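Hi everyone, thanks for coming.

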Amino acid sequence: MTGDGPQSRAGALACQSEPLVGYFAPLPPARTGVADYAAALLADLRERGHVEVAPRSCDIALYHLGNNAAHAAIYRRTIEQPGVVVLHDAVLNHFYLGRLGEAAYAEEFVYNYGEWSRSLAHELWRGRAASAADSRYFDFPMLRRAVENAMAVVVHNPAAAQIVRRHSARARIVEIPHLFVAPQLPPQYEVLRFRERLGVPAGAFLFGVFGYLRETKRLMQVLDAFSIVRRELPQAMLLVAGDFASTDLERASAPLLDGPGIRRLPYLPDTDFWLAASAVDACINLRYPGAGETSGITIRLMGIGKPVLVTESLECERVPEGAVVRVAHGAAERQSLCAHMILLTSMSDVATAIGRRGAEHIQSRHRVNLAGSLYWYLLCECCASSPSAPQRSAPRRGSRP
């Protein structure tokens, strides 16, 4: 944990009077990365103490917030009954665009940035059809109301911490690395059969793009770069797996997805995801503009030893050199992406070494039990320091450190 985080001793003392933790998050079968994350963390926290999902009352609440309508009820409670807020996206602009009319959106914008911004707010509202890719919507995250009264704000990387600080100088910001749960991977013969079903020849180097396909994942740019790489190295192949978040992007990318060497799959449930993840030789998971999020897909693929190509950004600052492939953004993006794809395809030993260093990093900093212990100490400490701290001792349900 970095930033203003609780110390282990303080957390242990706080937990002597164990709180009832209210847990507010989308959970499976919701098809979101936040739901997968929340389910894994919930399982760990329940081994440590008393945690209930969405109770009417609790001693301390943990709220998971993201940038879509699935978090609307959670957001309302966050404002009404402050607790510990986990920001999975440090940009809520799109959340407000999806739930407020123009006048209310403008008022919320002004609440965040002042009266000078009112005309800009109306301009952004009227141009909201372009909000998925227009950097202005990411430049104004609109976080103030969600974080200013929170007992603590949990982020996963320095970029998100920086964005929170811009919106509330008083906020207590705690950085907890995004968690990783080691999966039960399929046997190698199933992986080889999967590649055969996709029509991937022996010796081919298969890149993979996974998750919801949004403009910020740079799919059009990935497809463009891949077509260049494929002409030079016919052994390069690309799997694109996931549902489109935008019909416009789906239509625009359709001709490129029919290109040579490209394979297409829809959304993959968990078992199929790990089979596909095991089958690729590298993952491309770009993000621009960024929203201060740490990608669960990046953490998962790194965790199983796959080299991952990510956009060079503050979101990835904690990842050591050589553990991930950083791709430039802006004018240099295409050249940078092509060069790295060619390198990985041509030199499999380089790809293997990057994957190994990535897995070592995830194992040392992102294990679910490490994240769970930091969350639990934070919740106990916040509860103990609250004026309404519980005076009872709830029965302990776990004793993990």
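**Helix α12 and its neighbours**

Let me start with what the buried residues of α12 pack against: α11 (219-232), β9 (236-241) and β10 (262-265). Before going on, please keep in mind that this is a predicted model, where local features need pLDDT of at least 70 and side-chain atom pairs count only at pLDDT 80 or more, while totals for chains, interfaces and linings use all residues. Residues are numbered from 1 along each chain as its sequence is written, and side-chain values use heavy atoms, with hydrogens and water left out.

A few words on terms. Helices (H or I, at least four residues) and strands (E, at least two) are DSSP runs, numbered from the N terminus. Contact means heavy atoms within 4.5 Å. Buried is under 20% relative accessible area, exposed is over 50%, and partly exposed is in between, with a 1.4 Å probe and protein chains only.

So which residues of α12 (residues 247-257) are buried? They are Leu 249, Ser 253 and Leu 257. Down the axis of α12, these buried residues fall within an arc of 60 degrees, so they line one face of the helix; the arc is taken from the directions from the helix axis to the C-beta atoms. On the face turned away from the buried side of α12, you'll find the exposed residues Asp 248, Arg 251 and Pro 255. And at the start of α12, a side-chain oxygen of Ser 246 comes to within 3.3 Å of the backbone nitrogen of Asp 248.

Next, α10 and α13. The axes of α10 (residues 188-198) and α13 (residues 270-279) come within 9 Å and cross at roughly 85 degrees. Axes here are lines fitted to C-alpha atoms, for helices over the stretch in contact, and angles run from 0 to 180 degrees between N-to-C directions. From α10, Glu 190, Val 191, Phe 194, Arg 195 and Arg 197 meet Leu 275, Ala 276, Ser 278 and Ala 279 of α13.

Finally, over to helix α2, where Val 34 lies. Is Val 34 buried or exposed? Val 34 counts as buried, at 12% relative accessibility. Leaving out residues up to four places away in sequence, Val 34 touches Pro 26, His 64, His 71 and His 88. Val 34 and Asp 89 are 55 residues apart in sequence, yet 9.6 Å apart in space, C-alpha to C-alpha.

Thanks, and I'm happy to go back to any of these.

Key: A polar contact is a pair of N or O atoms within 3.5 Å; within protein, one must be able to donate a hydrogen and the other to accept it, and residues adjacent in sequence count only if both atoms are side-chain atoms.
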